[in-house]
Every structure is written in structure tokens, then in C-alpha cells.
Amino acid sequence: MACPLLGLGGGACLVLALTFQSERAGSSGEAAASAGMAQSIGYLVAAAGPLLLGILHDTTGSWTLPLTVLAVLGIAMAAAGYGAGQNRHVHLPRPR
């Protein structure tokens, strides 16, 4: 039951994250800059996450700590999503 819920939640979060990038930007340039930053960092974390959780499982010999870390990260993601869902625009600093 947990796997389908994680899959549905992950898919929903991806759609919301991509939507918030364009909705919260003040201009098309800001939307492109925030999307580039968020996607590069996001895909790096997404690629490293399963490997790091597997290493944590191998180190501890149990799934308790890796699943606890996953739950804490899920709560942090929900808090970040709540903040991103506020009705306001995000202004990025201009490059020099």
C-alpha cells in the first residue's frame, strides 16, 4: 500500500513543483532561471536519494532509519510545498 501512495504523491509533487515555477515568477526570465535552478538541484537529489537510502540500509542492517529519513524528508517537502503554494511572486536576484 505504501508504494502506490509514494508513487502517486511523487507524481503529484512533480506536477505541482513544475506549475509553481511558472506561476510564482514575475517574468519569463525569472521563470526560466528558477526552473533551471530547481530542476538541476531536484534531479541531483532525486538521483542520489535511492543510492543514499540503500547505503543507509546496508550500514544499519534495518529499514527503520532509512524509512524515518524518508518520512522526515516528506514532511519537509510538504512544508516547502505549503510555502510555495502561497499567492505571491518570487523575485530572484539579477545576475551581475
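First, a caveat. This is a predicted model. Every number I quote is computed from it.

Start with the elements. The protein has three helices and zero strands. Read from the N terminus, the order is α-α-α.

Now the overall dimensions. The C-alpha trace spans about 50 × 30 × 15 Å along its principal axes. How does the radius of gyration of the protein stand against that of a compact globule of 96 residues? The globule would sit near 12 Å. The protein has 16 Å.

Next, burial. Of the 96 residues, 9% are buried. The cut-off there is under 20% relative accessible area.

And contact range. Take contacts between residues at least 6 apart in sequence. Of those, 56% join residues at least 24 apart.

On to the helix pair. Helix α1 covers residues 2-23, and helix α2 covers residues 28-60. Their axes come within 8 Å. They cross at roughly 150°. Why call α1 roughly antiparallel to α2? Because angles over 145 degrees count as roughly antiparallel, the crossing makes α1 roughly antiparallel to α2. As for handedness, α1 passes α2 in a right-handed crossing.

Which residues make that contact? From α1, they are L18, Q21 and S22. From α2, they are A31, S34, A35, A38 and Q39. Sort the contact of α1 with α2 by class, and you get four nonpolar residues and four polar ones. No charged residues take part in it.

Now the single residues. Begin with L6, which lies in helix α1. Is L6 buried or exposed? L6 has a relative accessible area of 53%, so this leucine is exposed. L6 and G74 are 68 residues apart along the chain. Their C-alpha atoms are separated by 9.8 Å.

The other residue is G83. Helix α3, residues 64-84, holds G83. Its relative accessibility is 25%, so G83 counts as partly exposed.

To recap: three helices, zero strands. A radius of gyration of 16 Å. And a right-handed crossing of α1 past α2. That's my part done; over to you for discussion.

Key
Residues numbered from 1 in each chain as written. Predicted model: local features only at pLDDT ≥ 70, side-chain atom pairs only at ≥ 80, totals over all residues. Heavy atoms only, no water. Axes fitted to C-alpha atoms, helices over the stretch in contact; angles between N-to-C directions. Helix = DSSP H or I, 4+ residues; strand = E, 2+ residues; numbered from the N terminus. Parallel < 35°, antiparallel > 145°, perpendicular 65-115°, else oblique. Left-handed = near helix turned anticlockwise from the far one by under 90°. Contact = heavy atoms within 4.5 Å. Nonpolar A, V, L, I, M, F, W, Y, C, P; charged D, E, K, R; others polar. Rg over C-alpha atoms; globule rule 2.2 N^0.38 Å. Buried < 20%, exposed > 50% of the residue type's maximum accessible area, 1.4 Å probe, protein only.
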